[in-house]
Amino acid sequence: MVLDGLLPGLSKDLKLFVATFVVVLSIGFFTGLGFVRHTNATTPSGIEENYLGNEEIEEVEVMRFKKSEREMLTIIHSHILSMSLIFFVLGILVWMTRLPRMWKLFLTIEPFVSIILTFGGIYFLWKGLLWMRYVVLFSGAVMTLSFTASVLAVFLSLWGKPISSHRTK
């Protein structure tokens, strides 16, 4: 099955459906990032405090306690499952764009690597490997950039001109 370049050739109704899905998906994704920003987990120390707590510091704006094993497993389980599905569906749409094959490979494989690094990193940080906060920060940023680039590629492709013959690579 050749998916390359199929998005521009979809009917207007299907394009509207895909565009609406990607908009709603993006709202959900970026709302999640807003939550991360709200919890101050956008810095290495903020990430550490979010999972390991800050109760040993006397004067803090918001008191946080170390998450329990149950909380950690719930966070990791739900995020890995949901983000895998998000990036799977978005990846199918990316393969339907006209991007070069190497970009498609990067934008569809990298998010899964980042999911494992981010949420595996959170778990190992919680277990005491404090340097993992840098892995979590970096992989989360790369995942966000990949998501944004994929969404842009899909939108640009939706309004591109259809091609008569699909190229295969």
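At what angle do helix H4 and helix H5 pack, and how far apart are their axes? In this predicted model, local features require pLDDT of at least 70 and side-chain atom pairs count only at pLDDT 80 or more, whereas totals for chains, interfaces and linings use all residues. Residues are numbered from 1 along each chain as its sequence is written, and side-chain values use heavy atoms, with hydrogens and water left out.

Helix H4 (residues 101–126) packs against helix H5 (residues 132–158) at an angle of about 155 degrees, the two axes lying 8 Å apart; helices are DSSP runs of H or I with at least four residues, numbered from the N terminus, and axes are lines fitted to C-alpha atoms over the stretch in contact, with angles running from 0 to 180 degrees between N-to-C directions. H4 is therefore roughly antiparallel to H5, a term applied to angles over 145 degrees. The contact (heavy atoms within 4.5 Å) involves, among others, Phe106, Leu107 and Glu110 of H4 and Met132, Arg133 and Val135 of H5. Its residues divide into 14 nonpolar, seven polar and two charged, where Ala, Val, Leu, Ile, Met, Phe, Trp, Tyr, Cys and Pro count as nonpolar, Asp, Glu, Lys and Arg as charged, and the others, Gly among them, as polar.

On helix H3 (residues 69–95), the axis comes within 10 Å of that of H4 and crosses it at roughly 175 degrees, so that H3 and H4 are likewise roughly antiparallel to each other. Residues meeting here include Glu69, Met72 and Ile76 in H3 and Arg101, Lys104 and Leu105 in H4, and the contact comprises 17 nonpolar, four polar and three charged residues.

The count of salt bridges comes to three, each defined by a side-chain nitrogen of Lys or Arg within 4 Å of a carboxyl oxygen of Asp or Glu. Lys104 and Asp4 form one of them at 2.3 Å, N to O, linking helix H4 to the segment before helix H1 (12–38) across 100 residues; both Lys104 and Asp4 are buried, that is, under 20% relative accessible area with a 1.4 Å probe and protein chains only, where exposed means over 50% and partly exposed in between. Arg133 and Glu48 meet at 2.4 Å, N to O, and because Arg133 lies in helix H5 and Glu48 in helix H2 (residues 44–52), this pair ties together parts that are 85 residues apart in sequence. Arg133 is buried, with a relative accessible area of 18%. Arg64 and Glu49 pair at 4.0 Å, N to O, joining the loop between H2 and H3 to helix H2, 15 residues apart; Arg64 counts as buried at 14% relative accessibility, whereas Glu49 is partly exposed at 24%.

Note on methods. Helices (H or I, at least four residues) and strands (E, at least two) are DSSP runs, numbered from the N terminus. Angles under 35 degrees count as roughly parallel, over 145 as roughly antiparallel, 65 to 115 as roughly perpendicular and the rest as oblique.
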